[in-house]
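This report describes a protein assembly for a reader who is new to structural analysis. Please keep the sequence and the structure in view while reading.

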Number of protein chains: 6
Amino acid sequence: MKKFEKILRDIKSVKIQGAENVAKASMEALIAYFSKKNFRKPYIFISKFSSASKRLMKTRPTEPLLRNSIRFVLKEIGSEGETNEMTNRMFSACRQVLYHYEVAEKSIADIGSNKIENGMKIFTHCHSSSVTGALKRAKEQGKDFVVYNTETRPLFQGRITAKELTKAKIHVKHFVDSGGRVALKECDLMLIGADAITSEGKVINKIGSEMFAIVAEKYSVPVYVLADSWKFDPQSIYGIPEPIEKRSSKEVWDKPPKGVEISNIAFERVDPDLIAAIISELGVYTPENFVSEVKKTYPWLSR
Amino acid sequence: MKKFEKILRDIKSVKIQGAENVAKASMEALIAYFSKKNFRKPYIFISKFSSASKRLMKTRPTEPLLRNSIRFVLKEIGSEGETNEMTNRMFSACRQVLYHYEVAEKSIADIGSNKIENGMKIFTHCHSSSVTGALKRAKEQGKDFVVYNTETRPLFQGRITAKELTKAKIHVKHFVDSGGRVALKECDLMLIGADAITSEGKVINKIGSEMFAIVAEKYSVPVYVLADSWKFDPQSIYGIPEPIEKRSSKEVWDKPPKGVEISNIAFERVDPDLIAAIISELGVYTPENFVSEVKKTYPWLSR
Amino acid sequence: MKKFEKILRDIKSVKIQGAENVAKASMEALIAYFSKKNFRKPYIFISKFSSASKRLMKTRPTEPLLRNSIRFVLKEIGSEGETNEMTNRMFSACRQVLYHYEVAEKSIADIGSNKIENGMKIFTHCHSSSVTGALKRAKEQGKDFVVYNTETRPLFQGRITAKELTKAKIHVKHFVDSGGRVALKECDLMLIGADAITSEGKVINKIGSEMFAIVAEKYSVPVYVLADSWKFDPQSIYGIPEPIEKRSSKEVWDKPPKGVEISNIAFERVDPDLIAAIISELGVYTPENFVSEVKKTYPWLSR
Amino acid sequence: MKKFEKILRDIKSVKIQGAENVAKASMEALIAYFSKKNFRKPYIFISKFSSASKRLMKTRPTEPLLRNSIRFVLKEIGSEGETNEMTNRMFSACRQVLYHYEVAEKSIADIGSNKIENGMKIFTHCHSSSVTGALKRAKEQGKDFVVYNTETRPLFQGRITAKELTKAKIHVKHFVDSGGRVALKECDLMLIGADAITSEGKVINKIGSEMFAIVAEKYSVPVYVLADSWKFDPQSIYGIPEPIEKRSSKEVWDKPPKGVEISNIAFERVDPDLIAAIISELGVYTPENFVSEVKKTYPWLSR
Amino acid sequence: MKKFEKILRDIKSVKIQGAENVAKASMEALIAYFSKKNFRKPYIFISKFSSASKRLMKTRPTEPLLRNSIRFVLKEIGSEGETNEMTNRMFSACRQVLYHYEVAEKSIADIGSNKIENGMKIFTHCHSSSVTGALKRAKEQGKDFVVYNTETRPLFQGRITAKELTKAKIHVKHFVDSGGRVALKECDLMLIGADAITSEGKVINKIGSEMFAIVAEKYSVPVYVLADSWKFDPQSIYGIPEPIEKRSSKEVWDKPPKGVEISNIAFERVDPDLIAAIISELGVYTPENFVSEVKKTYPWLSR
Amino acid sequence: MKKFEKILRDIKSVKIQGAENVAKASMEALIAYFSKKNFRKPYIFISKFSSASKRLMKTRPTEPLLRNSIRFVLKEIGSEGETNEMTNRMFSACRQVLYHYEVAEKSIADIGSNKIENGMKIFTHCHSSSVTGALKRAKEQGKDFVVYNTETRPLFQGRITAKELTKAKIHVKHFVDSGGRVALKECDLMLIGADAITSEGKVINKIGSEMFAIVAEKYSVPVYVLADSWKFDPQSIYGIPEPIEKRSSKEVWDKPPKGVEISNIAFERVDPDLIAAIISELGVYTPENFVSEVKKTYPWLSR
């Protein structure tokens, strides 16, 4: 239970960040939480599981990957049998989820690397482990290419990307965010991650993503989104909007003069018309076909 | 002569910055330089004037306003008469230039303010004294509007704009540069300054300007450029490209890891198709008509 | 049988209008037609049903909702059993269809209302009960918004929309059709209904719909189509064009001078690229995914 | 003086309408007003002329043609000489203006007709005497073509166009305004008139004009504006917006239900990027070159 | 075996050309190869089949139709039973494939002809038997239309199209490739074939296809691709690019001067955004829905 | 007179081709024609000059350069003085024209070469001596670049370009015309010549020019037109269309089957919106400013 609380704190304080990392840690938190517990009655277990998972889901507003994972676990737990059977099914389900993440990550890196060719200039924004995974896989395959990336204000996640890639011996050219057009004009490919994907095929990702996608379209640079398919948000089927996180103004300007209002929205929606394809563990599909594939492959996800 | 050298240093060290400020200070530097001097022979005066003005022009690569001002002074000096006649014509010309700046600034603020209406949301990027002048004039006229501006990395000139406008009681909403699309989607007008304008109607301005102009076009937000018409670059008639200043990588990231190359280009070209009109002391004209008006009004400028 | 004939007349004379109303009335007409009849042989019943439903389908050329409903009833009737079993299956099927309409209507209003936010300006054209349903639901939820609508010449159905909405206390701003651009430039959302949807994702709706969708795209106003999924036209899979109704020239200009030819086409096709999503009882989907969802959910519909 | 008052009334009551007709009648009104008058002193004459012309200019807000004509007369009157000399110069100037109108009209018809080819389908909106002039000239030249026109709600000026053209044996196909896209998709050319033209090359014309121009661009149908060059609005050089007339809501819907707000804006601005050329008595020029030609040909107009 | 070798040679030497013809001939080659053979052991048969089919697949790099056909045959052969059972299943499968081609061809002609209307001008590029099939079917139905086609350098396949169509009494207007824009501006429809279709909805076809599709979009001419659905390339799901054939420079310029490099790429990718629909034996679907339909109908194809 | 007749024949038989070459030869033809003649009366000389120049102008329909040159000579001849004075003025004027060609050619090469940078890929279509002049000048300046060019069916003028450039050691990559998109996607610049330029800023050039300009715009490749400013067609001011030459069908397909109609239009109009600038001896100007500059510099040309 200590481990559970620690993970909870670390997600809240952004020590653990990124949709994949938050989801992984949450699965581990659930395993830890229940690993030394015995519940007399199924309904007590279910109620405990429910409150524990709610606490995890509350930490970040824009995280369908976590919500879908918990939905999967709940489905696997089912409503029949003894408490210990339920608990065992829960452990097994959490481990299946963790295995899913692992397989998805590897598949996305493999498939994504097939889009990278020798001599390419590749644009990316912010930090996405799916994107860096594909880039590093391509480098391992001996391909030679350059990554153009933005610093990504206010939190400079672009520097994390730059550090990770240079460690893998990938050459990086680094731009201020307003230099995005200059960078994209020279590029052959744009790769970004995703926090959520809707039934309209919209991709929710770090602010700036749609602006750069607009510029990419102007210069005929194809935009690929690399993401675990469980980032699909089933609520969007009913028109329920994915909430967009607004963060502290201090991150942008610590002490602005009075009268200056700071906007620090963390994400924006990228229109499917600006996206060539979504690369997930299911393969390379247009946003429209991604939606039908994810619904077909994981029917529990949208039911 | 000391004043001359001080101004020269201040321009080099960016203590004096902005095309208008650099040009003004340079005129004053020339007045100071020659104010206590006597030259025996006209050719000596001309040679001294030539070397002094060359030193001023070398301080910054992208400054047609200064180059055109010196061209005007040279034309006025002419080649006839005694040394003291020449010197006097020079003093008079420098003062005419300073007066031109003053009149132009006031006209641009007046005309520009006519484009601002009650209830508008107005986007701007970086800092331009022509833009803040028009905004403040509109505020003085009792108009109520909001300015959406970007922080403008790496040097945060957007903060200078925000401070200047809030001092004039104008409400400012401040965004990271990658939030430009989110900001523009809500705006009615985009106002920027210019460092140079070419015979093809291209406007050279702070990096990010064309990216935001592309987004503005997508959202049908008209883009107006506010600038002294002497920023027209006559060399562009002969296809000679205006040089684009590249600044120190330290401004972007002080100590990047090895293998990360920093791009710190200061300006970019905005295509005339993205610009509704250039507002100068000559009036409101499309980039094409701006070029013909400036050539007609100041024939010495393009000869 | 009298009721049947009356409904038939009322549809022909446009007393009953709108795809949903025509389909509902037709189901009721069929129930009425057969409610006091006994047929000795199944084949006689089938032949009677066939001719009655053909007469209903002939009333309006552009109505796949009705055609699909009858197709459903036919499928349910089947080919086995006694005449009275068949008749009973027919009554049951007609009632299922009526229930489907009801559920679909409610779902579309619910889902559609989720797209409406406080403070929005929403554009609509002509009259669609799906659209007014969603608007009224949003109003019931306490949302505050304004509807911009067109008068919709020649028959001024826009006035029907305006009346219905003001009755529900929704503020309406009313424009001549040529003011559509002025209206859309200020709007956040465009909502329209549909008469038919093809396998290419094209939406057939009142003339003017694609023109306004083109303008909406220019101003980045998302276009949502609200429609019962049974408006999908399965014949389009085989490339067979949905016929477009041409109405009397008198509706446009009663007595035009000789030599003036009047065009009074009732509908036009809206390209799927101009549509953000189709909102049906199946959820919010791009036109492409709408087609795959409708085929998956109602396999009998496209077989 | 009676004639003067009658003309004034007729313009106010829209008996006299169209920029050209209003301007012509105003010139005749001025001639009538002063034809039987003697003023003792030049300043009395000037003051009388000033108040008479102001009353004429007040009748309609969007009429630079009239304002420029009076400006021309004033310039010709000058400030020297006796009263009767002044009066004579005024009569002469008014007649020159009337002659200018006549020549311009004929030139525009001649030049405009050169754009019309056998077999063409030509779109027009509202009623413009410059457009019907060119069409009738082309018909006189034996060319065979069809005109697609809109009814132009709320005042149905499209019917005036249709009547005038059928009288000249030109075949007309007539559409409701929302059928504009359907009409334009088949057309080869779009011709409209203008009420005013600004220094940014924007054309102010009947509401719907920019909407149809947007559609025309989508279908690569070139848009030509036919107008007397004196419709150029010199105030636009200083950023002063041409006022847009708002007319009575009764014209749109006589008795709307409470809660329905009617928008009845008479004009809209057409972006120069949507216009192939402006055809005036000066020739065929892009909006940008039209502005420079008009300024060059009539320097008094923009001074 | 002789027949097998002859077919192999004829495909290599381009005597047999076109994706359908190559695939048909390959099936016949396989039937011939095994028709007089007996293999003692299943594994010998499998190994022989494998090497024979590999030789066929190697003849042309861009042919998923052939690869998918062989995949189908292999699946049908299975791994159980005696050699002669296997052989029989192989013969049967090859015949099923040939029958599939025949049915698909007929369906595409039927469905495609529904898109052709009286009076149309239809653009095509290169030679596609699916396209000529649909055109000839429409002609048989008594429709009257004109085909605008390109000569299609370097091999002038446009002449083959022109000859085939004129033989069927279809009027042809023939253009050099650079006249494609002039031709398309007048057309109502563009029909092309396909060599391969990817999971992103991209269509690979003769070089020039995307250029003409770009022009078609500018002129709002809908582009339909006519193709057997087995041209879907399942490897594209994993991001593996379809190889693009580069042919001999001699085809373009027999003896170019030294220093001139010749580019003779045979195909290019057409973006799905430029395609209205793909017409296959499965029906008329957008590229996105084509992909989901083909996966649903032939699950073995993408497994 | 023999030389005159020979030149006339050579122009007709396309031995002499290209707007510049035809104009030069025509000037020389006129000098030759009158060099050994004496006319007793001025009116005889004028009549002879008139008929000789008409015969030259009739040789090719799309040649404003020649028409403007003769217009210049006529203006210089004037109507005063003796026959021999007139003749002398004619000789002098013809030589001025030849000198103008020479200076313009050199200026265009100089200015055009300023647009070419190290490492660029430059697209061109057909053959233009202005374009090859600028490319060769850039090469002389030591710049390293590649030219991508089309073969330009039906007459393969692209091969002339390729030969001329490789002779100057410029690397050439050569494409079939339908490979234009593939070529342009990689290029940084597109350079073409012009046969005529209209008052609407349209450039008339070899068929394919607008198609490639459309593609260039899609890929943000700037298009520059290099041309002597005397190619401006003053008749376009009055809406008179420049005739477009239709050439023999034999050039495209020597013996097409019956029923195949060949289109062999030699030129097409390029829209000014697709052109970054026209580079003439007057400098680098947008099409709009080109028109105003040419009218200002050569007032006789448009009077």
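## Terms and conventions

A salt bridge is a side-chain nitrogen of Lys or Arg within 4 Å of a carboxyl oxygen of Asp or Glu. One example links Lys173(C) and Glu261(D), whose closest N and O atoms are 3.9 Å apart.

The model is a predicted one, in which local features need pLDDT of at least 70 and side-chain atom pairs count only at pLDDT 80 or more, while totals for chains, interfaces and linings use all residues. Residues are numbered from 1 along each chain as its sequence is written, chains are lettered from A and ligands numbered from 1 in the order in which they are written, and side-chain values use heavy atoms, with hydrogens and water left out.

## The contact between chains D and C

Contact here means heavy atoms within 4.5 Å. By that criterion, 41 residues of chain D meet 42 residues of chain C. The size of an interface is often given as the accessible area lost when the parts come together. This buried area is found with a 1.4 Å probe and summed over both parts. For chain D and chain C it is about 3,700 Å², with 65% on carbon and sulfur atoms. Ser178(D), Met211(D) and Trp253(D) supply 17% of the area that chain D buries against chain C, more than any other three residues.

Eight salt bridges are counted between chain D and chain C. Helices (H or I, at least four residues) and strands (E, at least two) are DSSP runs, numbered from the N terminus. The elements that give two or more residues to the side of chain D that touches chain C are helix 7 (157–167), strand 3 (171–175), helix 8 (180–186), helix 9 (209–218) and strand 8 (260–263) of chain D. Helix 9 of chain D gives the largest share, six residues.

## The contact between chains F and E

Chain F and chain E each bring 42 residues to their contact. They bury about 3,700 Å² between them, 65% of it on carbon and sulfur atoms. Of the area that chain F buries against chain E, 18% comes from Ser178(F), Met211(F) and Trp253(F), more than from any other three residues.

The count of salt bridges between chain F and chain E is eight. In the bridge between Glu151(E) and Arg153(F), the closest N and O atoms are 2.5 Å apart.

No contact joins chain A and chain D, and their closest C-alpha atoms lie 18 Å apart. Chain B and chain E do not touch either, with nearest C-alpha atoms 18 Å apart.

## Helix 3 of chain B

Helix 3 of chain B has 17 residues (42–58), which at 1.5 Å a residue should span 24 Å; the end C-alpha atoms are 24 Å apart, which agrees. The expected span is 1.5 Å times one less than the number of residues.

A residue is buried under 20% relative accessible area, exposed over 50% and partly exposed in between (1.4 Å probe, protein chains only). In helix 3 of chain B, the buried residues are Ile44(B), Phe45(B), Phe49(B), Ala52(B), Ser53(B) and Leu56(B). Seen down the helix axis, these buried residues fall within an arc of 155°, so they line one face of the helix. The arc is that of the directions from the helix axis to the C-beta atoms. On the other side of helix 3, Tyr43(B), Lys54(B) and Lys58(B) are exposed.

Leu189(A), in strand 4 (residues 189–192) of chain A, is buried with a relative accessible area of 3%. Leu189(A) and Pro222(A) are 33 residues apart in sequence, yet 5.5 Å apart in space, C-alpha to C-alpha.

Ser26(F) belongs to helix 2 (residues 19–35) of chain F and is buried, with a relative accessible area of 0%. Leaving out residues up to four places away in sequence, Ser26(F) touches Ile11(F), Leu56(F) and Leu66(F).

Notes:
Buried area is the accessible area (1.4 Å probe) that two parts lose on being put together, summed over both.
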